[in-house]
Amino acid sequence: MRHVYVHVPFCRRRCSYCDFAIAVRRTVPSERFVERIRQEWALRRSALGAQTRDAEIETLYFGGGTPSLLHPRDLTSLIAFFRDEVGFAANPEITIEANPDDVDGMSAALWCRGGVNRVSLGVQSLSAAVLEWMHRVHESEDGLKGVALLKDAGLASVSVDLIFGLPEGLGADPADDLRRLLEVGPDHVSAYGLTVEAGTPLARWSARGTVAVPPDDAYAGEFLRVHETLAEAGFEHYEVSNFARPGRRSRHNQAYWRGRPYVGLGPSAHSFDGAVRRWNLREWARYEATVRSGTDPRDGDELLTAEQVDLERLYLGLRTREGVPPPAPGTPGDQVVQAALGQGWLALEGAVVRATPEGWLRLDALVSALTTSPDGG
Ligand code: SF4
């Protein structure tokens, strides 16, 4: 139980591209939410069994939704709850995701004092037109101000989220946004390509033909420009969407990518014990009523098969700089790897092969070629 995720589902409004499990609220039931998380923990503690014994928390991650909508007093009390109930390892990583308009000197100071040492800031863009199109609630300069305020407050690590691959005509320039953001000194950047998810406003606009995502070569060009801009600034591209200054990788996300067990609490949160993955009820209202009545909010679970475990290991390994061991020489999997090495999509580094930025653009095709080759890679 070294890695704990808490899903905070509340948002002020739904962003145009978002299909996450959220609850749009003008007033956030912050205290009630924290109480339900405590209750869920109590309900599941005996089932977690060995995972909770002799284990201290190395990483605690509040994701969402918008965790920065919780009252800092409630967030702090939840961190204290985990400290008392489980305990933290030396130098734990405690992250919250925050929207830029929730950051001010007071909130940053209270988060720090409560034990938060990493903030992941949902900047997404510095263009007013793009933010309006995204239905974001913050202003274009809030992202820059937010990073500066968090650094001033003494946060050990500040990450920013950016979105690229936006429809042409919006005038988005993610590489230019990045250059401006780098001036205020983030330690980590997560850059995500826009995807059209079913049921979102973006999917409806796309179906009506009022927006069109950029063609593949434009998308690839933006991805590579983001990579180059951050590489020049000294960031390591350590996962397909993530870049860090030395020593500033997300330890929590690395635990996922390395297949480590974790416990997820809150609506829609997933947990993994090394063999079984389970997930909670998705909707806040159902989750809340279930936990309040003293029932485990489990919605489903699955025992991963050996094939699924192997496929995840391959996929996650190639998503990261850690790579995967190469297939045995002369096998069909080896032929796929040799071809990809020749194209510059994979690189051989010591005892592993890892994807290059060009390879990350073809990750699904590479994994598919490796898994459908007769020796399964
Ligand atoms: S703030 Fe984040 S979680 Fe909330 S609607 Fe926007 S993208 Fe989705």
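Student: Which residues surround the ligand?

Tutor: In this predicted model, the ligand is surrounded by C11, R13, R14, C15, Y17, C18, F20, I22, G65, T66, N99 and R136. A residue is near a molecule if one of its heavy atoms lies within 4 Å of it.

Student: How do the residues of that shell divide into nonpolar, polar and charged?

Tutor: The shell has 6 nonpolar, 3 polar and 3 charged residues. Here Ala, Val, Leu, Ile, Met, Phe, Trp, Tyr, Cys and Pro count as nonpolar, Asp, Glu, Lys and Arg as charged, and the others, Gly among them, as polar.

Student: What should I know about the numbering and the model before going on?

Tutor: Residues are numbered from 1 along each chain as its sequence is written, and side-chain values use heavy atoms, with hydrogens and water left out. As the model is predicted, local features need pLDDT of at least 70 and side-chain atom pairs count only at pLDDT 80 or more, while totals for chains, interfaces and linings use all residues.

Student: Back to G65. Where does G65 lie?

Tutor: G65 lies in the loop between strand 4 and helix 2. Helices (H or I, at least four residues) and strands (E, at least two) are DSSP runs, numbered from the N terminus. The peptide bond from G64 to G65 is cis, with omega near 15 degrees.

Student: Which residues have a positive phi although they are not glycine?

Tutor: Q124 has a positive phi of about 70 degrees, and phi of S268 is also positive, near 70 degrees. Q124 is in strand 6 (residues 118-124), whereas S268 lies in the loop between strand 11 and strand 12 (270-272).

Student: Is Q124 buried or exposed? And S268, buried or exposed?

Tutor: Q124 is buried, with a relative accessible area of 7%. S268 is buried too, at 17%. Buried means under 20% relative accessible area, exposed over 50%, and partly exposed in between (1.4 Å probe, protein chains only).

Student: Now helix 2. How many residues has helix 2?

Tutor: Helix 2 (residues 72-85) has 14 residues. From its first C-alpha to its last, helix 2 reaches 20 Å, close to the 20 Å expected at 1.5 Å a residue. The expected span is 1.5 Å times one less than the number of residues. Just after helix 2, G87 takes a positive phi of about 95 degrees.

Student: Which residues of helix 2 are buried, and what covers them?

Tutor: The buried residues in helix 2 are P72, D74, L75, L78, I79, F81 and F82. Their cover includes strand 1 (3-8), helix 1 (30-48), strand 4 (57-64), strand 5 (88-98), helix 3 (105-114) and strand 11 (263-265). These are contacts, meaning heavy atoms within 4.5 Å.

Student: New topic. How many salt bridges does the whole structure have?

Tutor: A search of the whole structure finds 26 salt bridges. A salt bridge is a side-chain nitrogen of Lys or Arg within 4 Å of a carboxyl oxygen of Asp or Glu. One of them joins the side chains of D101 and R12 (2.9 Å, N to O). This pair links distant parts of the chain, 89 residues apart: D101 is in the loop between strand 5 and helix 3, and R12 in the loop between strand 2 (10-11) and strand 3 (23-24). D101 is partly exposed at 30% relative accessibility, and R12 is partly exposed at 38%.

Student: Which side chains meet that of E288 in a salt bridge?

Tutor: The side chain of E288 meets that of R32 (3.1 Å, N to O). E288 lies in helix 10 (residues 284-292) and R32 in helix 1, so the pair ties together parts that are 256 residues apart in sequence. E288 also meets R292 (3.7 Å, N to O); E288 and R292 both lie in helix 10, 4 residues apart, about one turn of the helix. E288 counts as buried at 6% relative accessibility, while R32 counts as partly exposed at 42%.

Student: Which residues are linked in a network of salt bridges?

Tutor: E236, R249, R258, R321, E322, E349 and R354 form such a network.

Student: Lastly, what does T229 touch?

Tutor: Not counting residues up to four places away in sequence, T229 touches A175, L178, R179 and L182. T229 is in helix 8 (residues 216-232) and is buried, with a relative accessible area of 10%.
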